[in-house]
Amino acid sequence: MSDAAGAPPPLVATDGVSKAYAGAPAPALAPLSIAVAPGEIVALAGPSGSGKTTLLNLLAGIIQPDAGQVAIAGRPLSQLRSGRELSELVGLIHQQYDLVPHLPVIHNVLAGRLGQWGLLRSVASLVWPQERQTALAVLAQMGIADKINERTSHLSGGEQQRVAIARLMVQSPRLILADEPVASLDPARADEMLSLLTALASASGKTLIVSLHSPHLIRQYCTRVIGLNRGRLEFDVPTSAATADLLDRLYDLEQLPPEVIV
Amino acid sequence: MRFLQSSRLLTVLLAAAGAWSLTAIDWNGPWLHTGGAASFLRFLLALFPPDLSADFLLIALTASGQTLAYAVAGMTVAILIGVPLGIIASGVAFTPGSRLRRPSVAATRFLLGGMRAVHELVWAVLFVAAIGLSPLAAIFALGLPYAGILGRIYADLLQDVPPEPIAALRTTGASPLRLFSYGYWPMALPDLIGYTFYRLECAIRAAAIMSFVGIPGLGYQIQLSLHDLLFDQVWTLLLFLVAIIVAVDLWSSRIRRSLLS
């Protein structure tokens, strides 16, 4: 789509970002430049240690690059005032959902508003939930409206996953980052998770970048796939061009330096 | 060098100190003083039966109530002081990189350390000297060192909550105080309450001892009965003390269970 006339400016662009961790033999991410247009659903593929999580954390502003720059909606990430502005642009969902298990579901969902609410309102909400209708609406969309007052730790794994998506919907960032959201799920639940996430993204015109291993899921749900290996870009193609051979080669153990194979 | 860094050095030092302390014992003299065994036996036998007369049970019951009241009042003071100081000392409610953080954490940790470095009986002596033999003296004597203990443990428990949900909350744009109320506080709460109950048990024991500086309660009654060598009464009072502790223990495990489930 980027070669179409009058291509939209990218929602997220990295300009030669790199990152190395102290003590690591090789950089986690070699200088990398990618651009993602609004509305794209991009898969990040690559073996463990290829730099997928590092890239996602850089895009989320959780870690800072050693060199290069990340820009979201045309603004350098380093110039955004952390907190409110960042939360309107970027949201992150993890494999473990990372909810607060002790709180009732409604507060985990409304936590998506913490960047917008003032302190008094946030604290008052723990006693008298604010915007209860908002929470109820997204939970109904997720099919778990009846769980709104339950303790989050009482929910099944699949239900907690829906709560995490509901929190993301309430936060409503323009860019959704998902770090291996299906890594520990059985095939049916992985399918469900991705269809919820991608439906949410396309329904509201959001952009989604998701790290995934399964070629089948990549082809079914994503429009574009970026292959990373040892922190370097291996390929960046529309999913229609991502052959099984291309994806398999990414995971070929022969490619790895001997010290990585234990 | 590794030897110095490891905890083995501490083990060796402690073992050496233990061995050295044995030299303080007079190995040739008798272990018990004359008549010691007989009076100890008399004390043990007084358990069968303890004094269960209605008059004395009423005294024991009243004394138990008084001890419990002092313990609860002292713990209330301790919680009111310990919670805010503990939150500051944990450092979790500060903006990352805030210049206030380090000095505030260091100052509150120092304050908490000072409060608990002095034993409650020493605080009691100080307060009795300052405000006389009043219930207030006992309550503050109990409250201050316990606030020091609670604040320190609260701070540690708050720092120990799992980091992943906190990181996730941070990406929603939550400020430190919002992170605290939605993340740190609810996740630490069951442990905070559990530890507070454990300290309440200790406070009951301490409140009983406090009686020795003149406030009414189980300790005062034990002192009176010991003076008159009425060991059966001492046993009754000790059994009441045990009963209160067990009751608090049952109550706290019940509350903890309802918080965790």
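Predicted model: local features only at pLDDT ≥ 70, side-chain atom pairs only at ≥ 80, totals over all residues.
Me: Where does A:Asp186 lie?

Reply: Helices (H or I, at least four residues) and strands (E, at least two) are DSSP runs numbered from the N terminus. A:Asp186 belongs to the loop between strand 8 and helix 7 of chain A. Its C-alpha is 24 Å from that of A:Gly91, and 95 residues separate A:Asp186 and A:Gly91 in sequence.

Me: Is strand 8 of chain A mostly covered or mostly exposed?

Reply: Strand 8 (residues 175-179) of chain A is mostly covered, with five of its five residues buried. A:Leu175, A:Leu177 and A:Asp179 are buried on one side, and A:Ile176 and A:Ala178 are buried on the other.

Me: Which strands pair with strand 8 of chain A?

Reply: Two strands pair if DSSP finds at least two bridges between them. Strand 7 (residues 90-94) of chain A pairs with strand 8 in the parallel sense over five bridges, and A:Leu92 stands opposite A:Leu177. Strand 9 (residues 207-211) of chain A also pairs with strand 8 in the parallel sense, over four bridges; there A:Ile209 is the bridge partner of A:Leu177.

Me: What is the strand order of the sheet in chain A?

Reply: The sheet is open and has six strands in the order 7-8-9-4-10-11, with mixed pairing. Strand 7 and strand 11 (232-238) of chain A stand at the edges with a single partner strand each, so one side of each has no neighbour in the sheet. From one strand to the next, the twist averages 15 degrees.

Me: How does one read the handedness of a crossover?

Reply: With the strands pointing away from the viewer, a crossover is right-handed if the path from the first strand over the helix to the second runs clockwise. In chain A, strand 8, helix 7 (residues 187-203) and strand 9 make a right-handed β-α-β unit.

Me: How does one describe two packed helices, and what is the case in chain B?

Reply: Two packed helices are described by the angle between their axes and the distance between the axes. Axes are lines fitted to C-alpha atoms, for helices over the stretch in contact, and angles run from 0 to 180 degrees between N-to-C directions. Helix 9 (residues 176-210) and helix 11 (residues 231-260) of chain B pack at about 170 degrees, with axes 9 Å apart. Helix 9 of chain B is therefore roughly antiparallel to helix 11 of chain B, since angles under 35 degrees count as roughly parallel, over 145 as roughly antiparallel, 65 to 115 as roughly perpendicular and the rest as oblique.

Me: Which residues of helix 8 of chain B are buried?

Reply: In helix 8 (residues 163-171) of chain B, the buried residues are B:Pro165, B:Ile166, B:Ala168, B:Leu169 and B:Thr171. B:Gly173, which follows helix 8 of chain B, has a positive phi near 90 degrees.

Note on methods:
Residues numbered from 1 in each chain as written. Chains lettered and ligands numbered in written order. Heavy atoms only, no water. Buried < 20%, exposed > 50% of the residue type's maximum accessible area, 1.4 Å probe, protein only.
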